[in-house]
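Hello,

Here is the structure I said I would pass on. My notes on what turned up in it follow below.

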Amino acid sequence: MLEVTTDWYLTLAAILFSIGFFGMMIRKNALIMFMCIELMLNAVNLTFIAASKHFGQIDGQIAVFFVLVVAAAEVVVGLAIIVSIFRKQSSASVDVLNVSRG
Amino acid sequence: MFELLIFFLPASILIIGALIVVFAKNPVHNAMGLVMTLVSLAIIYITLNATFVAMVQMLVYAGAVMTLFLFVIMMIGVDKKEQTSDSIKGQTFLVSGVFLILISLLGYVAVNSEFSWNLWFPAVEYVVEGTPQLIAGTLFTTWIFPFEIISILLIVATAAAIALAYDLKIRNKDA
């Protein structure tokens, strides 16, 4: 009988992280790149929770809270930047962004 | 049997949702794929005894963050064609190769029993329940300093979002 061990959760998290990384690399729309960052952050959260159960300590779940807050702050600032860029260029594609080029 | 089902059902929905996020053309579909991923992740958290974190995940991620995403998608417009040509030559091909290598490496490590976590770090016998009491007890004693710092981060992020979204030109035209 198969048993669900910590390894399975870690593998799942790694797959999720890889998919997020892949999307980050191939997509051009800034919004979708943000969603891929969320995928990667969630993959890390899953490893934290799995390790928290594995070692029987609550600190992993506290770390997830902090990641959650940082992710929320990042989304707020990032989306505000995307909106203000969109006002100027009427495009959310990252390839046309060269306003801060030196 | 039930244990396997409760792992594989959310896990497969999670991976399907993640693939929708990456490959869907319509941004609203991407956002819905992300909701799928986040909800099934919350279910997995419950099976890992992290009930409170699962609840917060639903509230903050599937609630607040996704609402923000959908707002911005509606604002920017969903019917804009995304340009698909590579700005660096062979970019998609290269990344796909790296991705395949990564996945096959992962598959090897997952299948190979030498890399089992139980061999390296023995699991504990007792179960820790992620109840609000236990989390608060640790958060407000050991982690109180990071907790205070994170409140400053939230204030700064809010102020930054307002400063960025505040359009000076439109404002001056009205006045």
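**Notes on the two-chain model**

Of the 175 residues in chain B, 20% are buried. Please keep in mind that this is a predicted model.

Confidence is as follows. The model has an ipTM of 0.89 and a pTM of 0.88. Chain A has a mean pLDDT of 86, with 93% of its residues at 70 or more. Within chain A, the element with the lowest mean pLDDT is H3(A), at 88, and the one with the highest is H2(A), at 92. For chain B the average pLDDT is 85, and 89% of the residues score at least 70. Where pLDDT is low, predicted coordinates should not be read in detail.

Chain B contains 8 helices and 0 strands. Taking its contacts between residues at least 6 apart in sequence, 49% join residues at least 24 apart.

Now the contact between the chains. It involves 62 residues of chain A and 66 residues of chain B. On the chain A side, the elements contributing two or more residues are helix H1 (6-26), H2 and H3 of chain A. H3(A) contributes the most, with 21 residues. By type, the chain A side consists of 40 nonpolar, 15 polar and 7 charged residues.

The largest nonpolar core has 62 residues, and those with the most contacts inside it are Ala13(A), Leu16(A), Leu31(A), Leu39(A), Leu46(A), Ile49(A) and Tyr45(B). Two or more residues each come from H1, H2 and H3 of chain A, and from helix H1 (2-23), H2, H3 and helix H7 (144-165) of chain B. The most come from H2(A), which gives 12 residues. In soluble globular proteins, nonpolar side chains tend to be buried together.

- At 1.5 Å a residue, its 26 residues should span 38 Å, and the end C-alpha atoms are 38 Å apart, which agrees. The helix is followed by Gly56(A), which has a positive phi near 65°.
- H3(B): this helix (residues 51-76) has 26 residues that should span 38 Å at 1.5 Å a residue; the end C-alpha atoms are 36 Å apart, which agrees. H3(B) bends by about 30° at Met66(B). Its buried residues include Val53(B), Tyr61(B), Val65(B), Phe69(B), Val72(B) and Ile76(B). The buried residues of H3(B) pack against helix H2 (30-55) and helix H3 (59-89) of chain A, and also against helix H2 (27-47) of chain B. An α-helix has 3.6 residues a turn, so residues three or four places apart point the same way.
- H7(B): the 22 residues of this helix should span 32 Å at 1.5 Å a residue, and the end C-alpha atoms are 32 Å apart, which agrees. H7(B) is hardly covered, with 2 buried residues among its 22.

Regards

Note on methods: Residues are numbered from 1 along each chain as its sequence is written. Chains are lettered from A and ligands numbered from 1 in the order in which they are written. This is a predicted model: local features need pLDDT of at least 70, side-chain atom pairs count only at pLDDT 80 or more; totals for chains, interfaces and linings use all residues. Helices (H or I, at least four residues) and strands (E, at least two) are DSSP runs, numbered from the N terminus. The expected span of a helix is 1.5 Å times one less than its number of residues. The bend at a residue is the angle between axes fitted to the seven residues ending there and the seven starting there. A residue is buried if 20 or more other C-beta atoms lie within 10 Å of its own, exposed if 12 or fewer, and partly exposed in between; C-beta atoms are placed from the backbone. Two residues are in contact if their C-beta atoms, placed from the backbone, lie within 7 Å. Ala, Val, Leu, Ile, Met, Phe, Trp, Tyr, Cys and Pro count as nonpolar, Asp, Glu, Lys and Arg as charged, and the others, Gly among them, as polar. A nonpolar core is a set of buried Ala, Val, Leu, Ile, Met, Phe, Trp, Tyr and Cys residues joined through C-beta atoms within 7 Å. pLDDT is the predictor's confidence in each residue, from 0 to 100.
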